[in-house]
Amino acid sequence: MHSIIRKGLIKLGKIQMNSNDLNEIQSSSQGPISLNHKRKLILTKENLKEEFKKRYKALLGLDYDKFIDCLFSKPPTFIRINPMKAPVKWLRQKNWEVERVAWYKYGYKVIKGPENIGNTVEHRLGLFYVQDAASMVPPVALDPRPGERVLDLTAAPGSKTTQMAEMMRWKGVIVANDISMARINVLSSNVQRMGSINVTITQLDGRFIHKIFGKDRFDKVLLDAPCSSVGEVRRNWSPLIRWSLRLVLRLSKLQKELATAAFIALKPGGKMVYSTCTFDPEENEEVVQHLIELGAEVLEMKIPGLNARSGLIEWNGKKFDPSISKCLRIYPHCNDTLGFFVCLLEKPERL
Amino acid sequence: MWEILDQKELARLKRRLLERYGIAEVPHVIVRSGKRKYRAATKEAIEIMKAWLVGVYIMKETPFGLMLSIEGTQLLGPLAKKNVFEISQEMIDGWMRGEDIEIGARNELERGLVIIRCGNLYLGSGLYDGQRIKNLLPKARKVVG
């Protein structure tokens with residue numbers, strides 16, 4: 001194959017780079033290639049970090065190969081229709097081939113559609129949002145209703161915020177918080193495009209949100225926590241390069257702090273969803289266990305048509321509360337989506 | 001940042017919307033953001049303290065009058081009784097690419113800012129000069145190519 005075509009295909013992610021390609025790039029480039037860039041270019045199923053392989057083999061058992069094969073495949077495109085801006089019928093008039101997502105009535109898998117779906121009239125007008133089907137699950141589990149007061153603690157870039165705003169028929173309020181101004185800019189432009197008038201954006205450190213808004217303030221809380229993002233690998237390889245046990249443990253500490261603040265801000269009788277886009281138990285079941293110790297109760301979720309595994313009740317010799325088995329581990333290969341962990345909790349009235 | 005409008009300012013704003021677009025009632029809470037922009041929000045949304053931003057930007061003051069944003073036309077357009085220009089399905093792509101619309105002299109339109117729509121789809125604002133409608137879509141919302 002001609003080297004220019006080959007380079008182009010590598011850039012597009014259509015083919016894997018081999019060591020000859022790397023040598024060629026190194027010899028022709030002006031300066032040295034960064035270690036991260038090199039790793040990204042030569043990342044294959046075989047040369048993943050040993051620690052990662054060992055851990056994920058223990059987590060997935062016989063499904064490990066399916067999981068890894070799926071991580072290295074391109075994910076399908078999903079969109080979420082904005083029913084507040086236009087009725088869904090516009091989608092039927094387009095010449096796109098779509099299939100409805102089983103668990104969210106406004107979610108669609110685009111089987112055949114425009115090459116750059118973001119550069120279409122309907123996208124620019126906010127008639128739809130490009131959002132993976134697994135990422136539609138946390139709002140579906142939380143089920144926010146019109147008129148409620150909802151907190152989205154780590155909201156950027158706003159896919160779940162705007163989905164919840166639409167589920168609430170733009171009534172009530174969602175406090176969409178994020179700590180980073182750069183991420184808030186993305187969040188605010190998505191809120192604008194989707195027309196979510198019931199969203200209020202705050203820039204606060206989520207770990208102290210209860211100190212600002214007070215105890216028992218929200219009917220519902222979504223905490224889609226910052227995580228090691230292994231479930232996002234199909235879309236972006238960098239989490240696989242960054243992944244380490246040290247990172248997982250550091251994030252687990254932050255997630256527990258965020259979860260504590262979110263739980264305090266939740267009204268007694270209120271519901272909370274804790275979700276991440278990763279599978280390490282320290283970032284998932286261990287955080288839910290922490291919430292149970294604070295008094296939370298794990299609830300069963302009814303998500304129609306979703307294939308998911310149960311939450312773990314034991315990991316590395318550590319035993320978790322049996323109710324954690326009600327959590328969902330949505331592995332990418334189970335539904336041909338990205339990966340997620342989702343847990344629905346309730347703050348009992350007595351707290 | 002943003003601030004709540006006092007009754008006098010709000011009444012003045014509503015009068016201008018009525019005069020230009022025939023919008024008799026605004027079903028949302030309107031707040032000012034910066035010097036010239038206005039945002040629509042829910043009553044509950046503006047009660048949140050420490051809010052950096054509320055709701056969505058719907059209109060701004062321009063030398064030609066109150067210009068509605070895309071979301072502004074989508075929220076308020078269905079309530080407008082005048083200065084709304086209907087384009088055909090075939091013209092949507094050109095408009096969204098940023099093209100102006102040649103329409104010649106029209107009795108139903110006043111010179112100045114107008115709302116563009118195609119059926120139930122509201123597509124932002126344009127500036128009518130008696131011959132054509134100048135496209136006022138922001139760059140970030142135009143379709144490229």
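I started with helix H9 of chain A, residues 159-167. I note that this is a predicted model. How many residues of H9 are buried? I found nine of the nine, so the helix is largely enclosed by the rest of the structure. Burial here takes 20 or more other C-beta atoms within 10 Å of a residue's own.

I then went through H9(A) by name. A:Lys160, A:Gln163 and A:Glu166 are among the buried residues. After the helix I checked A:Arg169, and its phi is positive, near 55°.

Next I looked up the largest nonpolar core. The count there is 128 residues. Which residues touch the most other members? I got A:Val221, A:Leu223, A:Ala262, A:Tyr274 and A:Val342. Helix H13 of chain A, residues 245-265, gives this core its largest share, eight residues. I also checked the domains: domain 2 (77-130) and domain 3 (134-346) of chain A each supply at least three residues.

Last, I took the totals for chain A. I counted 15 helices and 15 strands. Buried residues are 46% of the 351. For contacts between residues at least 6 apart in sequence, 75% join residues at least 24 apart.

Conventions: Residues are numbered from 1 along each chain as its sequence is written. Chains are lettered from A and ligands numbered from 1 in the order in which they are written. This is a predicted model: local features need pLDDT of at least 70, side-chain atom pairs count only at pLDDT 80 or more; totals for chains, interfaces and linings use all residues. A nonpolar core is a set of buried Ala, Val, Leu, Ile, Met, Phe, Trp, Tyr and Cys residues joined through C-beta atoms within 7 Å. A residue is buried if 20 or more other C-beta atoms lie within 10 Å of its own, exposed if 12 or fewer, and partly exposed in between; C-beta atoms are placed from the backbone. Helices (H or I, at least four residues) and strands (E, at least two) are DSSP runs, numbered from the N terminus. Domain bounds come from an automatic or database domain assignment. Two residues are in contact if their C-beta atoms, placed from the backbone, lie within 7 Å.
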